[in-house]
Amino acid sequence: MIHVAIFLPLVFGVLALLRPTGARALGLLGAAVTLVLGLFGYAAFLDGASAAYSAPLLAEAGVYYAVAWDGVGAVLMLAVVITTFLALLAARDVPPAMVGLTLMMESGLIGLLAAQDLVLFYVFFEATLIPSLLMLGLFGGAGRIRALVKFAIFTLVGSLLMLAGILALRYLGGAPSFLLADLADHPLGGVAGRWAFAAFLLAFMVKTPLFPLHVWLPDFHAENHPSGLADAMGTLYKVGLFGLFRWTLPLFPEAFALFQPWLLALAALTALGAAWTAYAQTDWKRLLAYGALSHMGVGALGLFSGTPEGAVGAIYLLAASGVYTGGLFLFAGGLHRRFGTLDLRPTSGLAKSAPGLAALGLILVLAMVGLPGLSGFPGEFMNLLGVWQASPVWTFVGFLAVIAAAAYALGAYQQIFHNAPDKPAPDLDAVEWQWGALAVLTVVFMGVYPKLFTGPLLTAAETLVAAMGGGR
Amino acid sequence: MTALLILFMTVLATTFAGFFAPARTTKALTLLGLVAAGVGLALDWGTTFQAFEGLYLLDPFAQGFTLVMIVGGVLALLADCDVHERRGWPPFEYYALVAFAVLGGHVMAATLHLGVVIVGLEVLSIPLYALAASRRDELGYEASLKYFLLGAVAAAIFLYGLALYFGATGGFVLGVAGEGLIYSAAVMMLLAGLAFKTALVPFHWWTPDVYQGSPTPVTLFMATAVKAAAFAAFARVLASVGLGGPVFYALAALVLLTVFWGNLAAMVQGEAKRMLAYSSVAHSGYIAVALFGPNPGPAMGYYLLAYALSTGLAFAVLTQLDEGRGVRLGELAGLWSRSPLLGLGWTVALLSLAGLPPLVGFWGKYLVFLEAARGGQYLLVALALFAAVIAAYYYLKLLAAALFARTEKAAKVTLSGSTPVGIALATLLVVLLGVLPGLGYGLFTAAAALPK
């Protein structure tokens, strides 16, 4: 079933590319089936029925097609399948080819979350770049080529050097294959370990992203198709924290211990700096880009704290952010459809004429702010709980970033919906009610019943912390 | 032996058939001959065969490299139609000369005797000089003359090295250990002579002009089959002398110069053929990265196959757009709407050349770097991978010029003859071998270590 979940979106994506007339229906069908498969997959995983599957892909070179669900992969996979479905539902006036590319991206994302072999992970990780680039290049705005080159070069500098790190990790560490289990038994230390760790770190810092490797992100979002579909998928593609959790920290415990203080500082700087920048934005997408960046900084702070709580918080925040940030990008797409602009300033006082829209916006924004009871809260709380144990100073900075979220996100919300003068706007239509309801349901569920997800995450996080030589 | 005989018969048949039959018949004969030679190879795949008192050595290494040459030849033949055909190109000699060149390349790959290598080298090169000028225009003559003069210099250097090698070891057969200044000079000259044909910087100066000036299908053939032949001989010489001392540093310098210079120079070109010419220079560097490993044969072979398919596909697409003056980047605009097959082929080819999975180019890169990592050369791997980022930049530029530039004019390109077959086949293989890399790599792992 896991293989079907990985490759079914790809099949539907290719079909949608071949049949432009029925692309939306095909895309929705594909995403819906994948969503159901994902939910069943998660249920089966909770029952413990998920077994690792492995077949040689390039056995002579130690590469296996090895996939399985573990706690981290399964939780993030849920965020992927839900958000992709939401995105395809919400973005209805997109070019047909975009639907196909979205499903191809979903395939790559599910694959990279399931991969248990480092090279296979790398293949999915890089392959996902192709549809992402094509979406930006084909359907982006006027400055898309510049944004595209920035995005591609940042990503590739990171990931190609990571490939060198991957080879060094295996041959210097002495692992017989690239399977996670083998690599974890042969962690790499010493000077070589530090260099290889730096290569991995570079790749995942670009994709988290962390200051100063985040500069591709605002342009990427600002230039992408205004519907928000590509932005939602791009948000899901920011798997840096996952890469660090699964493929970096457990494999280089020694190097991590050495870098830890610096990494905490970088994460805190990202969290606060991005929040500060977000406050000054007047474009919805740029604001969301910086806001999400700030939250990733908070997540990285938790992960780098080296505590199980922090690690769980990081992954939970990543999953929650996939849904609410993705939802907010789609929400911005709805505003663009109404007013033809993503600029915040000319829009104001919509709450009178469009109360449904205001409610949807409010819930998504509050999830981002981290209101208890919504999906952003558990992650942020656990993050800061973890960081407190490592460094109270950075916890304080993290708190500042979280508080700042209230300023920039609620500020934008107030401008659009409550500031004078009141402007008329059509309220939610049928499709928007559908995806809005689903998004709100997910956000609330993740907020009030996090235990369903944090249980498996905690197991994984404790394994991670044990591998890093910590643990209590 | 079957492959050699079939190639030889093909050469004879196509040379004479051209006088009596239309060019189309010659083309069919050549294609048939090449495919039959491939089948001949496949029948004895993985075994070693010697003839002529060891002068001819068909080991798995030679089989793998010959396969790449055949793939390059077949692609060059399949993609030769359209724009050119309407202008009376290619002449029937084109097909016979391609067959000659493949035969020469095969001989070069399948021997340990330096005298036979030079015979193969000339049988390979002389047809190419003629092919480069086969369109009978200024650019072609210039390309041909440049190629001929520099090729002659390269052959002379190789021959001088051969003479010194004889002086140092008392024989022409590779694998005799030697020492001393004369032996070192001999090895360096042999490698330098071959580095011309493989287009390693700083022996690459002919490449951009020749690639740009030759008819595009000829460029396709040079970039694929000729490179494979030259690298076969290069790897054999290197395997026999070992990677010790000065040879190691010389090779490392060649590799780094090649990947950086090739990619940086490609970045600033405004014409697609010239850009791909520099890209092919850079790819030579990546192929040579594998030489730092303990058993470079399979990785090199696979990289060459991946590269031949990808770059062959890219040149095949350009063939359909080139009217003899090259293809400026601006002329690529709207490729997808002009012909979806060309658009798809171009996209797949460039992403594969850039080394993105799941396309075959990624696995080629992965395997050569794996090989170098086995040899412990991590710094070299990291530097060469860094150069690949530069490469990604101009491949994206080429891709963006064709796909992302918004354009009004969209005169449809109609493909005819064997061209769509060639392009579709290459596209399919680039994707298929990328998704299931074991399928292609299995062919090359049969190749045992090179004889020392």
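## Contacts of Phe139(A)

Two residues are taken to be in contact if their C-beta atoms, placed from the backbone, lie within 7 Å. On that basis, and leaving out residues up to four places away in sequence, Phe139(A) touches Pro95(A), Met98(A) and His225(A). The model is a predicted one.

Phe139(A) belongs to helix H6 (residues 129-139) of chain A. Is Phe139(A) buried or exposed? Since 20 or more other C-beta atoms within 10 Å make a residue buried, Phe139(A) counts as buried, because it has 21 C-beta neighbours inside 10 Å. Between the C-alpha atoms of Phe139(A) and Ala115(A), 24 residues apart along the chain, the separation is 30 Å.

## Helix pair in chain A

In chain A, helix H3 (residues 71-90) and helix H15 (residues 308-339) have axes that come within 9 Å and cross at roughly 5 degrees. Angles under 35 degrees count as roughly parallel, and H3(A) is therefore roughly parallel to H15(A).

On the H3(A) side, the residues making the contact include Val72(A), Val75(A), Leu76(A), Ile82(A) and Leu86(A). H15(A) contributes, among others, Ile315(A), Leu318(A), Val323(A) and Leu330(A), and also the glycines Gly322(A), Gly326(A), Gly327(A) and Gly333(A). Sorted by class, the contact of H3(A) with H15(A) has 15 nonpolar, five polar and no charged residues.

## Interface between the chains

The contact between the two chains draws 27 residues from chain A and 26 residues from chain B. On the side of chain B that touches chain A, two or more residues each come from helix H15 (360-374), helix H16 (378-404) and helix H18 (437-445) of chain B. H16(B) supplies the largest share of that side, 13 residues. The class count for the side of chain B is 23 nonpolar, two polar and one charged residues.

H18(B) has as its buried residues Pro437(B), Gly440(B), Tyr441(B), Leu443(B), Phe444(B) and Thr445(B). Their cover includes elements of both chains: strand E1 (53-58) of chain A, together with H3, helix H12 (296-321), H15 and H17 of chain B.

## Nonpolar core

The largest nonpolar core has 388 residues, and Ile315(A) and Tyr303(B) touch the most other members. H16(B) gives the most to this core, with 21 residues. Ile315(A) is also one of the residues through which H15(A) meets H3(A).

Which residues does Tyr303(B) contact, leaving aside its neighbours within four places in sequence? They are Tyr286(B), Ile287(B), Ala290(B), Gly364(B), Leu367(B) and Val368(B).

## Helix pair in chain B

H15(B) packs against helix H17 (residues 419-435) of chain B at an angle of about 50 degrees, the axes being 7 Å apart. H15(B) is therefore oblique to H17(B). The contact joins Val360(B), Phe362(B) and Trp363(B) of H15(B) to Val430(B), Leu433(B) and Gly434(B) of H17(B). By class, the contact of H15(B) with H17(B) has five nonpolar, one polar and no charged residues.

## Helix H1 of chain B

Helix H1 of chain B covers residues 2-20, which is 19 residues. From its first C-alpha to its last, H1(B) reaches 27 Å, close to the 27 Å expected at 1.5 Å a residue.

The buried residues of H1(B) are Ala3(B), Leu4(B), Ile6(B), Leu7(B), Thr10(B), Val11(B), Thr14(B) and Ala17(B). Against them pack helix H2 (23-43), strand E2 (56-58), helix H3 (60-78) and helix H4 (93-109) of chain B.

Conventions. Residues are numbered from 1 along each chain as its sequence is written. Chains are lettered from A and ligands numbered from 1 in the order in which they are written. This is a predicted model: local features need pLDDT of at least 70, side-chain atom pairs count only at pLDDT 80 or more; totals for chains, interfaces and linings use all residues. Helices (H or I, at least four residues) and strands (E, at least two) are DSSP runs, numbered from the N terminus. Ala, Val, Leu, Ile, Met, Phe, Trp, Tyr, Cys and Pro count as nonpolar, Asp, Glu, Lys and Arg as charged, and the others, Gly among them, as polar. The expected span of a helix is 1.5 Å times one less than its number of residues. A residue is buried if 20 or more other C-beta atoms lie within 10 Å of its own, exposed if 12 or fewer, and partly exposed in between; C-beta atoms are placed from the backbone. A nonpolar core is a set of buried Ala, Val, Leu, Ile, Met, Phe, Trp, Tyr and Cys residues joined through C-beta atoms within 7 Å. Axes are lines fitted to C-alpha atoms, for helices over the stretch in contact, and angles run from 0 to 180 degrees between N-to-C directions. Angles under 35 degrees count as roughly parallel, over 145 as roughly antiparallel, 65 to 115 as roughly perpendicular and the rest as oblique.
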